[in-house]
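Trainee: I have a structure open and I'd like to learn how to read it. Could you take me through it a feature at a time?

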Amino acid sequence: MLELIVISTLNGVLFGMLLFLMASGLTVIFSMLGVLNFAHASFYMLGAFFGFQISRWLGFWPALLIAPLLAGAIGAGVERYGLRRVHRNGHVAELLFTFGLAFVIEEVVQIIWGKSPVDFRVPALLDFPAFTIFSTNYPAYKMFMLLVSIAIFIGLLIVLKKTRIGLIVQAALTHPHMVGHLGHNVGRIFMLVFGVGTALAAVAGVIAGPALVTQSNMAGLLGPILFVVVVVGGLGSLPGAFVASLLIGLVQTFAVSMNGSLSGAFGPLSPAYASTWLADIWGVTVAQIAPIMPYVLLVLILILRPMGLLGTRDT
Amino acid sequence: MSEITVSAAPPLPAAAEKFKFYGLWLAAAIVLLLLPRIFGSGGSLTTFSLIGISIIFSLSYNILLGQTGMLSFGHAVYYGLGGFLVIHAINILSANKLPIPLPVVPLIGGLTGLAFAALLGWVSTQRSGTAFAMISLGVAELIASSALILRTFFGGEAGISANRTKLLKLFGWNFGPQIQIYYLVAAWTLIAVIAMYALTRTPLGRMCNAVRDNPERVQFVGYNPHVVRYLAFCFSGFFAGIAGALAAINFEIANSAYLGAVQSGTVLFATYIGGIGFFIGPIVGAIFVTFLSLGLSDLTQVWQLYFGLIFIAVVLFAPGGITGLLMMHRPLLKAGTLSRMLPSYAIALLPTLAMIAGGILSLETIVHYTVNPGDDSHIKAFGVSFDAASPYIWAMAAILLIGGYLVARKTWTWVGHAWDDATSVAREKGIAP
């Protein structure tokens, strides 16, 4: 039991930190541009596939640097030549533009790399068990993922709190118009923020690619969870996104490792109707409902606290 | 007070306008009746049925997006649940020999959609704008994932099926042949379109528009925007349920794809491409997208990519959709200055088409090298055969694409100038705003 708790906590924190790598970019983009980037998970996928391709040509370490830069450049281009154009048509048009973009990116990835998973391997340097707890080997690569995401998290914190550009971004989180009035080149800041945000998502993609499955449906699988994180944390709140990322990471990881079901817990009390179509509810295990946990959490949060956990702004 | 209302109310329409209005619906009914006489083949009947279903679904979606300003990414939930309940209903009805004929059954789907919209809508519509979009996505994922868990009811991956011919017969119709299904879909389409049009003319429909345009002022007037959004959501769920029911009857099967993100995305594409600003927009969009998805898949391997690119192009260049583009020209037509636009359109069309052709050519060549590199390089796309390995083709694609783009950019600025001239003339005549 203790083993399960330790391993699941580690995995949960890891998944949560990965989510936060993406959710942070999404939140900052949303706060500054007012648009929720529907294609954000697609940049995560692009990162994974670019990472795969570049690691084939040059090895994993160059890929870790080049793939996010490439994805970030594409992101900046999308902001400059796409989003800025649709901006005058309102937020719905912007959201629809990123929705169409997500669709197109998935199609393009399918055309180039196919529909089946690609063979994106953990680099040989990190392919060993880091430590053993209670007979379970914990892979070093996962520790590496955890360290990278924590390092980026700390780096982001320092940039946001200590530098001038961070100051502007922070100001734009709460008073986006005021920042424009103060004479900053808002267009360039937007492009930069969009580029950095998508590059962060791509970093998450490169480091998650070898550990999870690198496949053309990975954006479609992760995207909705990402939006749940942002809504549960409170739209436009960075601390909220952090809390929600960890929460959802932990909830999902713990749920996967649990095998209990209603019939297991109340087996002797099995009611007569349990043999009808309700048998599904009666017999389903916690592990099986793990994929819907984030959405259940979303509905609960919406009923109990519509603003999100730490949200203050109403959109 | 009563004086104000009287003076504020629009004048009653003249007899001629009334005649025009009802004549339009009558004409639509006659066209629907006569269509199978002209295109009687099985394939076209199936296409018409699909279009009818898509029209109801898109119009129901536009109650949310166009009329109330709520962008939903999960509208297929109510469509799919309506479909599933109808399949179960047909099975129960035929097993128990209940005296309910098939034409009434879509109502069950509608009521299912309404019930689930009433249940899930209260939470979803608490917030509007971006938050609503994300919430609708989350709720849709919740339902779609649950459908895969509740295997007995939703039938898992395979879905559940039913036999529509086993119900009570009306006038000797057993609804086996596609022509009878066509008439069923056509009748329900007409009813649903009229009902949804009527809804836009009610005070509720007007309040929906007000909530879309300025929710804060709606609050000042004394309405609760949340309640208005909720009511619009319920109506939208009802009509989506009818569309889902008709789809389930048409295919005699309901599976988890009915509820999924692809279905929600398709209805969003259809509605937006058609145009959300006018009532007729989603109808145009439904017809266009159904033909496109049926036609493109024969013409090219990567039709979904073209589909996505068309959608992005509409969002970027024609946010009013197809109907928005057409309706833009109405003031010019009235002012008689439309003819000034035509030469510039004709000039702009040529390089634009060249650019598109170049784009398609390069795309198909790239697809050939990435998807099936080992195959014969003589490929066929959009009915045109060419050699993807030939450098001439590459050069032609590049020239068409880049040259077309450069020339098209110039010509479209001319179109812009011509447009300004034409509208300023129309404005002088007091027609254009």
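Trainee: At what angle do helix α3 and helix α8 of chain B pack, and how far apart are their axes?

Mentor: Some ground rules come before that: this is a predicted model, where local features need pLDDT of at least 70, side-chain atom pairs count only at pLDDT 80 or more, and totals for chains, interfaces and linings use all residues. Residues are numbered from 1 along each chain as its sequence is written, while chains are lettered from A and ligands numbered from 1 in the order in which they are written. Helices (H or I, at least four residues) and strands (E, at least two) are DSSP runs, numbered from the N terminus. An axis is a line fitted to C-alpha atoms, for helices over the stretch in contact, and angles run from 0 to 180 degrees between N-to-C directions. Here, α3 (residues 42–67) and α8 (residues 178–201) of chain B pack at about 20 degrees, with axes 9 Å apart.

Trainee: What do we call that arrangement of α3(B) and α8(B)?

Mentor: Angles under 35 degrees count as roughly parallel, over 145 as roughly antiparallel, 65 to 115 as roughly perpendicular and the rest as oblique. So α3(B) and α8(B) are roughly parallel to each other. Their crossing is left-handed; that word applies if the near helix is turned anticlockwise from the far one by less than a right angle, and right-handed applies if clockwise.

Trainee: Which residues make the contact, and of what class are they?

Mentor: Two residues are in contact if their C-beta atoms, placed from the backbone, lie within 7 Å. Among them are B:Leu45 and B:Phe48 of α3(B), and B:Tyr182 and B:Val185 of α8(B). For classes, Ala, Val, Leu, Ile, Met, Phe, Trp, Tyr, Cys and Pro count as nonpolar, Asp, Glu, Lys and Arg as charged, and the others, Gly among them, as polar. This contact has 15 nonpolar, eight polar and no charged residues.

Trainee: How do α4(B) and α5(B) pack?

Mentor: Helix α4 (residues 76–96) and helix α5 (residues 105–124) of chain B pack at about 135 degrees, axes 8 Å apart. That makes α4(B) oblique to α5(B). Their crossing is right-handed. Residues that meet there include B:Leu81 in α4(B) and B:Phe116 in α5(B). By class, the count is 12 nonpolar, six polar and no charged.

Trainee: Is A:Phe134 buried or exposed?

Mentor: A residue is buried if 20 or more other C-beta atoms lie within 10 Å of its own, exposed if 12 or fewer, and partly exposed in between. A:Phe134 has 10, so A:Phe134 is exposed. Look for A:Phe134 in the loop between β1 (129–133) and β2 (136–139) of chain A. In chain A, 45% of the 315 residues count as buried.

Trainee: How many residues does the largest nonpolar core have?

Mentor: A nonpolar core is a set of buried Ala, Val, Leu, Ile, Met, Phe, Trp, Tyr and Cys residues joined through C-beta atoms within 7 Å. The largest has 198 residues, and A:Leu226 is one of those with the most contacts inside it. Helix α11 (residues 225–251) of chain B gives the most to this core, with 16 residues.

Trainee: How many residues of chain A are in contact with chain B?

Mentor: 41 residues of chain A are in contact with 38 of chain B. On chain A's side, α4(A) gives the most, with 14 residues. That side divides into 32 nonpolar, six polar and three charged residues.
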